[in-house]
Amino acid sequence: MTETAASASAPAGPGRERQGVVYRNGALGRRPAVPTSFGDLERAARRASSKRAWAYVAGGAGEGRTMRNNRRAFDRWAIVPRMAHGVTERDLRTTVAGTSLSSPLLLAPIGAGALMAADSDLAIAQAAAATGVPYIFSNQGCNSMEDCAAAMGSASRWFQLYWSSDEDLVDSLLRRAEAAGAEAVVVTLDTTMLGWRPQDLNLGSLPFARGEGIAQYTSDPRFLDIVRQRIDAAREMVTERPDVTLGAIRTLLSMTRNHPGRFLDNLRSPVPRAAAETFLDIYSNPGLSWEHLATLRDRTRLPIVLKGILHPDDARRAVDLGVDALVVSNHGGRQVDGSIASLDALLDIRAAIGREPTVLLDSGIRSGADVFVALALGADAVLLGRPYMYGLAIAGRQGVEEVVRNVIAEFDLTMALTGARSIADIDERFVRPNPSF
């Protein structure tokens, strides 16, 4: 068989397959459930979201400079396609931290997703399984990791860990993640306390204070023990009665709805309110240190991934600690206003630690072309965040699926049009500083 004949029978790949689905449906008068460009996706999601939901998911720290930095960093790079390369098939597969990926994409952990849609984590888990993309269960999820694992079947999942100030709770969460089939634990380092987030502050809106986004805790035996101890201690104390306002009543009802069990039983119980208050006291440890992280090897058999690395010295220390991967991330611009862009930090970190350690990029990824640039500049894979949450707001599980398929499709087409054969083939040869920037 000639090369030309072989090319004619080559698989179309996810890019052309996705285009084919969209255009065939278009011929029947059916449009995609979600817009295929990020700008239109964002605008549609804003229309579909409540003010509280939009503030939490789309908002950033301070004046939003870090969010803008993340996008400007991508704008500073241009892709340089090669022509007449003869590449007809692409291999999007790769492996990170021992997990086999069908494409270099994972779904980032995002807390309090039920602000966007009910049973958010279940819908995301199902969409991730359907698209073959690993989902990193959020430690601040609205559905328990066990329920999400059941929804995914045998599909790959990781677990995000916020290091609680209660060490026994840390161990309990790690044991549950192992039992739920997580293939890695992602320790988020940059949220030992919440950053200054004006959009939430202007609304006086903190989801966790209303019992939203604490399902991993209210399903945890150690956490519930702590709650019971607090309730017992409170019975022995004389406390002031809280102000009875419309807002207080709404918060009580939210706590009641979001706590496991029957609504009426919860309404009569002190546990839902105590659970929210307990969470706010212990969810994260402001004193988290490298000494804490060094204990992980003795506490879990899971591969260890550190998320939130931005400084080369921290990257070197993580490598010296022997972690399995690190995630270069500024938390989507939600923690420190004016922080370095994750993509810019990636360049510094790769220069410091070399090409061998596994490095993922988070923050600022909006499209398949962004994925390509991130890999060309040294990332082994990327985490997708806000775009899939916008899909969730617009069309639930289907919206998440379509956003993920669109990103993978554009990434595949970018590989095809530039001449990249595989993930390993994508490097700095395909990009250059953008002369138009």
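Strand S6 (residues 157-161) of this predicted model is largely enclosed by the rest of the structure, because 5 of its 5 residues are buried. In a regular strand the side chains alternate between the two faces of the sheet. In S6, Arg-157, Phe-159 and Leu-161 point one way, while Trp-158 and Gln-160 point the other way, and all are buried.

S6 has parallel neighbours in two strands. Strand S5 (residues 135-137) is joined to S6 by 3 bridges and runs parallel to it; here Tyr-135 stands opposite Arg-157. Strand S7 (residues 185-188) is likewise parallel to S6, with 3 bridges between them, and Val-186 in S7 is the bridge partner of Gln-160. A right-handed β-α-β unit is made by S5, helix H7 (residues 145-152) and S6, and another such unit by S6, helix H8 (residues 167-179) and S7.

| Pair | Distance between ring centres | Angle between planes | Arrangement |
|---|---|---|---|
| Tyr-56 and Phe-208 | 6.1 Å | 85 degrees | edge-to-face |
| Tyr-217 and Phe-223 | 5.5 Å | 70 degrees | edge-to-face |

Tyr-56 in helix H4 (residues 51-58) and Phe-208 in the loop between helix H9 (198-203) and helix H10 (215-218) are 152 residues apart, and their pair links distant parts of the chain. Tyr-56 is buried, with a relative accessible area of 7%, and Phe-208 is buried at 5%. Tyr-217 and Phe-223 are both buried too.

One aromatic cluster is formed by Tyr-56, Tyr-162, Phe-208, Tyr-217, Phe-223, Phe-279 and Tyr-283. Over the face of Tyr-56 lies Arg-334, at 4.6 Å from the ring centre.

Note on methods:
Residues are numbered from 1 along each chain as its sequence is written. This is a predicted model: local features need pLDDT of at least 70, side-chain atom pairs count only at pLDDT 80 or more; totals for chains, interfaces and linings use all residues. Side-chain values use heavy atoms; hydrogens and water are left out. Rings of Phe, Tyr and Trp (its six-membered ring) pair if their centres lie within 6.5 Å; planes under 30 degrees apart count as stacked, over 60 as edge-to-face and the rest as tilted. Helices (H or I, at least four residues) and strands (E, at least two) are DSSP runs, numbered from the N terminus. Buried means under 20% relative accessible area, exposed over 50%, partly exposed in between (1.4 Å probe, protein chains only). A charge sits over a ring if NZ of Lys or CZ of Arg is within 6 Å of the ring centre and within 35 degrees of the ring normal. Two strands pair if DSSP finds at least two bridges between them. A crossover is right-handed if, with the strands pointing away from the viewer, the path from the first strand over the helix to the second runs clockwise.
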